[in-house]
Amino acid sequence: MSFLAAAPESADAALSHFLLQLSLILVVARAAGKAARLVGQPQVVGEMVAGILLGPTCFGSLMPGTFHALFETASPLPLSILSQIGLILILFQIGLEFDFGHLREGGNRRAVRWVAAVGIVFPALLGAGFGWLSRGTFAPRVPGPTYVSFMAVALCITAMPVLGRILLELGIGRSRVGVLAITCAAVGDVAGWLMLAAVTALAQARLDGGFLALRFGAVALFVAGTWFAVRPLLRRLARRAVSTDGAAAVGLLLAALFVFGWATQEIGIHVIFGGFWCGVLLHEELAFVAWWRERASLLVGVFFLPIFFTYTGLHTDVNGLTAASLWGWCALLLVVAVVGKFGGCWAAGRVAGLPPAEARCLAILMNTRGLLELVVAAVGYQLGIIPQTLFTMLVLMALASTFLTTPCLRAWLPATRPGEPQPQ
């Protein structure tokens, strides 16, 4: 592969370089996903690992020349832009799949209230404490409220998409534990996205009270305007999209999706919120949701998701954690994250009257970070709130917490109440 050593100069050479990157990403992601399934982990865990394998931690250490030629001699802009487009599509899909009907379920409301509330507040408080303790080490030049608030958000996120995949793979999606977990995760993720939007606005407003108030006003105007004025048009387009001549409607929906991303980027709350909100506006169009799941979700999962994981992995350098003190901070972050989510949700479940085994299963599901933690970490890194070392720690924490979920569930589910579906 010595022909890669020359940095591409022409458009044709840049395209060839980019196609080689994409080919390697897709092959490694599929292989890692299959390997994860073989050891009893969800496929997405393997794809997350694949991103790190292709980064400087593994590929860059084992084959530094080839890694440099493949990922460092050309501009990272094409991969960056494609990963951002993928994020918009991924968050759009997450918005579509949000089942707000769970929030109206009559049973188990006490457990939902306790676990959802504690699952947000307790990890956020511990995250804020970690932020206060670590700011002098990782972000001395970042305003204290911004950094502390970001760490609070980073530790209260639950990865609802990964959680959903795990529930489906274990066949417990309609069990009591499954319904409680997906409901609490829905509440928590809505709160988490709102908090992250506030933190990004805070970071970019630079503590200017007037500008910050203007930005929050713009967010409120955008949400209200799109809900009341744009949503009816989007729903009509969604209904047209599932018809036999719906190609034009699909094109207009995609255009609207990217306009939403542009609008939120201009407002200052990151492009991903536009994609997520556009999906939320259409989540009641069940025919379109089914159409998207059948026609488009495979492309998003097979193509765009691995690109995002790889782009994240290129900024994740475990080799950069050279000092013992950095590994100490990493261990502390993992402990704080697990105690906050698992410990808090377990205690809340017990207070709400859940049996011990169900409380444990629910707590470990709520401890799943996965994809959304990587999204949050990427936002913080792009905004300059956190350095690369802390970004790497958040990625490792997301991997560790997600990796724990499936084996713990397999061990604890048999102890749940008789009649509960067991792992398949």
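## Exercises: rings and buried residues in a predicted model

Ring pairs join Phe92, Phe288, Trp291 and Trp292 into a cluster. Keep in mind that this is a predicted model. Let's work through it.

### Exercise 1: Get the overall picture

Find out how many helices and strands the protein chain has, and what share of its residues counts as buried.

**Solution.** 
- Step 1: Go through the secondary structure: the protein chain has 18 helices and 0 strands.
- Step 2: Turn to burial. Of the chain's 424 residues, 54% count as buried.
- Step 3: The protein chain exposes about 17900 Å², and 67% of that comes from carbon and sulfur atoms.
- Step 4: Check the contacts. Take those between residues at least 6 apart in sequence: 80% of them join residues at least 24 apart.

### Exercise 2: Follow the aromatic pairs

Work out which helices are linked by the pair of Phe138 and Trp329, and which by the pair of Trp227 and Trp277.

**Solution.** 
- Step 1: Start with the total, which is 14 aromatic pairs in the structure.
- Step 2: Pick out Phe138 and Trp329.
- Step 3: Phe138 and Trp329 are both buried.
- Step 4: Now take Trp227 and Trp277, a tilted pair with 6.1 Å between centres and 35° between planes.
- Step 5: Trp227 sits in helix H10 (residues 209-241) and Trp277 in helix H12 (residues 271-281), so the pair ties together parts 50 residues apart in sequence.

### Exercise 3: Sort two tryptophans, then look for charges

Decide whether Trp227 is buried or partly exposed, and do likewise for Trp277. Then find which arginines sit over the rings of Trp227 and Trp412.

**Solution.** 
- Step 1: Recall the cut-off: a buried residue has under 20% relative accessible area.
- Step 2: Trp227 has a relative accessible area of 29%, so Trp227 is partly exposed.
- Step 3: Trp277 comes out at 18%, so Trp277 counts as buried.
- Step 4: Look above the face of Trp227: Arg231 lies there, 3.8 Å from the ring centre.
- Step 5: Move on to Trp412, where the charged end of Arg360 sits over the ring at 5.5 Å from its centre.

### Exercise 4: Visit a buried histidine and a covered helix

Find where His17 lies and which backbone oxygen lies 2.7 Å from a polar atom of its side chain. Then see how many residues of helix H2 are buried.

**Solution.** 
- Step 1: His17 is part of helix H1 (residues 11-38).
- Step 2: With a relative accessible area of 5%, His17 is buried.
- Step 3: The backbone oxygen in question belongs to Leu70.
- Step 4: Helix H2 (residues 43-53) is mostly covered, with 9 of its 11 residues buried. Among them are Gln43, Glu47 and Met48.

### Exercise 5: Look around a loop residue

Where is Val142, and which residues does it touch beyond four places away in sequence?

**Solution.** 
- Step 1: Val142 is in the loop between H6 and helix H7 (144-154).
- Step 2: Its relative accessible area is 12%, so Val142 is buried.
- Step 3: Leaving out residues up to four places away in sequence, Val142 touches Arg135, Tyr147, Gly384 and Ile385.
- Step 4: Compare sequence with space for Val142 and Ile385: they are 243 residues apart along the chain, yet 6.3 Å separates their C-alpha atoms.

Conventions. Residues numbered from 1 in each chain as written. Predicted model: local features only at pLDDT ≥ 70, side-chain atom pairs only at ≥ 80, totals over all residues. Heavy atoms only, no water. Helix = DSSP H or I, 4+ residues; strand = E, 2+ residues; numbered from the N terminus. Buried < 20%, exposed > 50% of the residue type's maximum accessible area, 1.4 Å probe, protein only. Polar contact = N/O pair within 3.5 Å; in protein donor to acceptor, adjacent residues only side chain to side chain. Phe/Tyr/Trp six-rings, centres within 6.5 Å; stacked < 30°, edge-to-face > 60°. Lys NZ or Arg CZ within 6 Å of the ring centre and 35° of its normal. Contact = heavy atoms within 4.5 Å. Areas by Shrake-Rupley, 256 points an atom, 1.4 Å probe, with all protein chains shown as cover.
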